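Here are a few friendly notes to read with the model open beside you.

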Amino acid sequence: MRTVARVLLYDVLLALVYISFDVYLVYFYLSNGHKWWAAATITAVALPGALEFLCYTYSFINGDLEGTKKQQFLEYLFWAVCFGPFLFPVSLVIWHLVQICKGENNFLRFENLARSRVLNSLSVLTKSASQLTLQATIMMVTWRYDNMPFHTYQLASASLSILILAKSCTDHHYFEISGKNVKVRTPYVQMVSRLFFNILHILLRGFVIALLASYLQYLALAFIALMVITNYITSNIIIKTDGSKHIWTAFAAVLLPNCFVSRVTLEHKEPKEARKLFNKFYRCNSIVFLIVMSIGALVTTNCIISFTSVSSFNCNNYPFLSYNEDLKCPPASPFSTPLSSLPSPHSWFYFLGNLSVISLSLLHVFLVFIEGKVCCRDYTPVERT
């Protein structure tokens with residue numbers, strides 16, 4: 001009964017609320033003339049379905065699907081269309097509702113529980129991560145200190161993304177290191193500990209990416225793409241699992257350390273060995289983030305806003321750490337007094353922004369390195385009752 005209640009609350013009701021926020025944000029942006037923000041939001045929502053389509057296409061072409069050619073094609077057609085870019089969010093809710101209506105025992109079968117974990121993780125680690133970063137960036141660009149209602153739905157979407165991300169990543173991590181064993185669960189104390197660390201990782205990385213993106217603008221996509229490519233290479237070197245899992249890991253590990261592994265990769269490994277493998281990837285991933293975002297993207301941002309006009313700014317898109325004295329915008333900014341030793345209008349970003357990016361990224365690396373010791377100490381899964 002506990003499983004039924006959890007699925008109905010988390011995978012159905014909360015998912016529908018989240019979808020409604022996404023739909024309203026798109027409508028809100030379009031009705032206010034922000035077509036590019038609407039397009040970016042739609043892209044974020046379509047991302048998990050696009051990845052599912054690519055992964056099933058990869059598996060179909062390589063003959064990884066089971067059954068005859070006809071069965072393989074029908075399976076590919078079902079998942080590529082119903083869980084493709086356009087239908088993925090709604091299909092995921094319907095799939096959970098159908099499976100749980102068949103009974104708790106049906107849902108707890110390996111193939112159903114494993115697919116639920118993987119699809120949920122794919123959704124939140126791509127769509128929710130993208131939505132969080134996107135909405136945080138938009139708020140940094142459009143922030144008006146006397147217009148809080150303007151950001152209500154953005155704040156709600158970002159907050160919901162953080163909670164869903166942290167919860168799903170915690171479930172995914174312990175499910176993977178257990179060898180995808182559906183008969184055991186993780187003690188609640190360790191679940192809460194990792195949940196807390198995941199929230200911190202999301203907040204730290206999310207703030208860094210959003211702050212840099214508000215200054216880099218479209219060029220931020222280049223560094224996110226570089227992060228994805230580096231994650232893909234790192235996953236191939238360290239994890240050594242199925243090709244489609246590396247694609248998922250590449251995108252999922254942008255906002256916080258996380259990875260996907262096939263059951264075959266883990267079936268001959270002891271749980272302790274699996275934890276070491278995951279922790280090794282997480283640590284490498286945190287260092288990659290430090291190098292790509294906190295050094296590469298930060299240096300590039302400073303050079304672009306100092307020596308070029310690649311990023312264009314006006315009173316409608318000045319980030320919250322910038323202030324134009326001539327135009328007196330953004331209004332009511334607490335950073336309206338520039339630092340005399342640094343050039344305007346971005347003097348506070350050169351000081352406070354640079355300091356925040358570097359210090360928060362170093363703190364993130366420190367937390368990742370101690371997380372393995374704190375959360376995996378005396379880890380022993382318990383049987384499901």
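1. F278 and Y282 sit four residues apart in helix α12, about one turn of the helix; helices here are DSSP runs (H or I, at least four residues), numbered from the N terminus. Their rings make an edge-to-face aromatic pair, with 6.1 Å from centre to centre and 85 degrees between the planes. Rings of Phe, Tyr and Trp (its six-membered ring) pair if their centres lie within 6.5 Å, and planes under 30 degrees apart count as stacked, over 60 as edge-to-face and the rest as tilted. F278 counts as buried because its relative accessibility is 0%, and Y282 counts as buried at 4%; buried means under 20% relative accessible area (1.4 Å probe, protein chains only).

2. Please keep in mind that this is a predicted model: local features need pLDDT of at least 70, side-chain atom pairs count only at pLDDT 80 or more, and totals for chains, interfaces and linings use all residues. Residues are numbered from 1 along each chain as its sequence is written, and side-chain values use heavy atoms, leaving out hydrogens and water.

3. The structure holds 21 aromatic pairs. In one of them, the ring centres of Y56 and W79 are 5.9 Å apart and the planes are at 10 degrees, so this pair is stacked. Y56 belongs to helix α2 and W79 to helix α3 (residues 69-82), 23 residues apart, so the pair links distant parts of the chain. Y56 and W79 are both buried.

4. Have a look at helix α10 (residues 243-252) too: eight of its ten residues are buried, so α10 is largely enclosed by the rest of the structure. Among the buried ones are H246, I247 and W248.

Terms used:
Buried < 20%, exposed > 50% of the residue type's maximum accessible area, 1.4 Å probe, protein only. Helix = DSSP H or I, 4+ residues; strand = E, 2+ residues; numbered from the N terminus.
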